[in-house]
Amino acid sequence: MFFLCEKIDLPLWRMSLPLFLARRLHGGDDRNRFSRPAIRVATAGVAIGLAVMIVSVSVIMGFKHAIRDKVAGFGSHIIVENVEAWKSGEALPLVADMSLMQRMKGFNGVSHVQRVSEKEGVLKTDDDFLGITFKGIDESYDTTFLSQCVEEGSLPTFSSEKGSNHIVLSQTIANKLHLKVGDKVYAYFLSDKGLRPRRFEVSALYATHVKHFDDMTCFIDRYTINRLYGWEAEEVSRVEMLTTDFEQVTQRWQQVAERLKGTTDSKGNVPMTMTIQHLYPQIFSWLNLLDINVWIILGLMVALSAFTMISGLLILILERTQMIGTMKALGAYNTTIRHTFLWFAVFVVGKGLIIGNVIGLAICFIQQLTHVVSLNPANYYINYVPVEVNIIYILLLNVATLLVCVLVLILPSFLVSRIHPARSIRFE
């Protein structure tokens, strides 16, 4: 007994018998046993299954958040505009004076509030023309996302108090009109006074790879848009609000809507609030459908791991028939023997989980650092496979895989109760 305890570095009285035997089985010399390939296959099945699950969850999360951040970067998280403009589709302003702006500030989780004016128009060169949306922004606008998307040139300083001739185009629009940074281009707008031209200079080119934005949107001063409409300085198409946590957007939207309920601006216009999900439901519905793919992959990989573990356990039980018979002859209960093989399965699954974590995380980190796997941005809105590693989700995957593999082995472990001591001792 002292020899056996010394090999596992624990006194026998501190370890249960099934755990003790399982450790001896797992650490024993099995070079001449035919169960060794089966155990290796089972370990590999668990490792491959977990690695695929880690990569799948990380890629889907990274992809969803990358697209979500692009859409929110352009359209903000919460939008407030004139309810009549939403109903009629006409360009009706909302007076975003200090009184209204103060009502929309002061919420926990709201990081920024900005004014935006928009107008449709036509960009025309000597050879071509294109109808687009002109987004008027000012010094209050958070240009962090836009700056990250700039591919050529630099962003100008936008203003609500004076106009400039600077314009920021998407790379898609510039390619269609054969424009580059520094070129001059004319824009034409329809107003009550007829067709009104404006001359702009291209200051920068951006690319979000989201077709809806790149095909239709350019940026100019909000002052210019207001002048074209004949609006006052505090009148805007909408007010945009940014939150610190996208997962809390719905909650913040409800708070803003409650605070603005029953209020009007200085000209009697009723403000209406909506979230970015309301504005672009087709994009967010598509992103939510990706979760179905994740669940299918997780189910298949867990099934693979469980199947290989069941095969390995059955082969091991058949190989250890003589040992099981001897233990029964010495008075061991079926429960004790079953627990021994279940503990052995835990060791095998644990080894597979360690290998799977190493493989899965290595693939994720390599992709994060090198972007070696690329995508067609015309189809996927992004030019590489984004990866987001979430430690909590990975821990849950590990725990779920371990529990499922052990639970599905409970029924096969009852095979030991059918082994008769007298016959099994003679079994070869």
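Student: Is Trp343 buried, exposed or partly exposed?
Tutor: Keep in mind that this is a predicted model. Buried means under 20% relative accessible area and exposed means over 50%. Trp343 has a relative accessible area of 35%, so the label is partly exposed.

Student: And what kind of pair do the rings of Trp343 and Phe347 form?
Tutor: These two sit four residues apart in helix H14, which means about one helical turn between them. Phe347, at 22% relative accessibility, counts as partly exposed. The ring centres of Trp343 and Phe347 are 6.4 Å apart and the planes meet at 35°, so the pair is tilted.

Student: How many aromatic pairs are there, and which parts does the one between Phe74 and Tyr206 tie together?
Tutor: The count comes to 14 aromatic pairs. Phe74 and Tyr206 make a tilted one, with 5.6 Å centre to centre and 45° between the planes. Phe74 is in helix H3 and Tyr206 in strand E8, so the pair links parts 132 residues apart in sequence: H3 and E8.

Student: Moving on, which residues does Val210 contact, apart from its neighbours within four places in sequence?
Tutor: Val210 is in the loop between strand E8 and helix H8, and it is buried at 1% relative accessible area. Its C-alpha atom is 8.3 Å from that of Tyr380, 170 residues away along the chain. Leaving the sequence neighbours aside, the contacts of Val210 are Lys70 and Tyr381.

Student: Which residue just after helix H9 takes a positive phi?
Tutor: H9 covers residues 222-229, and its buried residues are Arg222, Thr224, Ile225, Asn226 and Leu228. They pack against several strands, including E3, E4 and E7. Just after H9, a positive phi of about 80° is taken by Gly230.

Student: Last one: which helix gives the most to the lining of the largest cavity?
Tutor: The whole structure has one cavity of 30 Å³ or more, and the largest cavity holds about 40 Å³ of space. Its lining divides into eight nonpolar residues, one polar and no charged. Helices H3, H12 and H14 each supply at least two lining residues. With four residues, the top contributor is H12.

Methods: Residues are numbered from 1 along each chain as its sequence is written. This is a predicted model: local features need pLDDT of at least 70, side-chain atom pairs count only at pLDDT 80 or more; totals for chains, interfaces and linings use all residues. Side-chain values use heavy atoms; hydrogens and water are left out. Buried means under 20% relative accessible area, exposed over 50%, partly exposed in between (1.4 Å probe, protein chains only). Contact means heavy atoms within 4.5 Å. On a 1 Å grid over the protein atoms alone, a cavity is a set of points where a 1.4 Å probe fits but cannot get out, and a pocket is an open set with protein on both sides within 12 Å along at least five of seven lines; lining residues have an atom within 4 Å of a point. Grid points are joined across faces, edges and corners, and a volume is the space filled by probe spheres set on the points. Ala, Val, Leu, Ile, Met, Phe, Trp, Tyr, Cys and Pro count as nonpolar, Asp, Glu, Lys and Arg as charged, and the others, Gly among them, as polar. Rings of Phe, Tyr and Trp (its six-membered ring) pair if their centres lie within 6.5 Å; planes under 30 degrees apart count as stacked, over 60 as edge-to-face and the rest as tilted.
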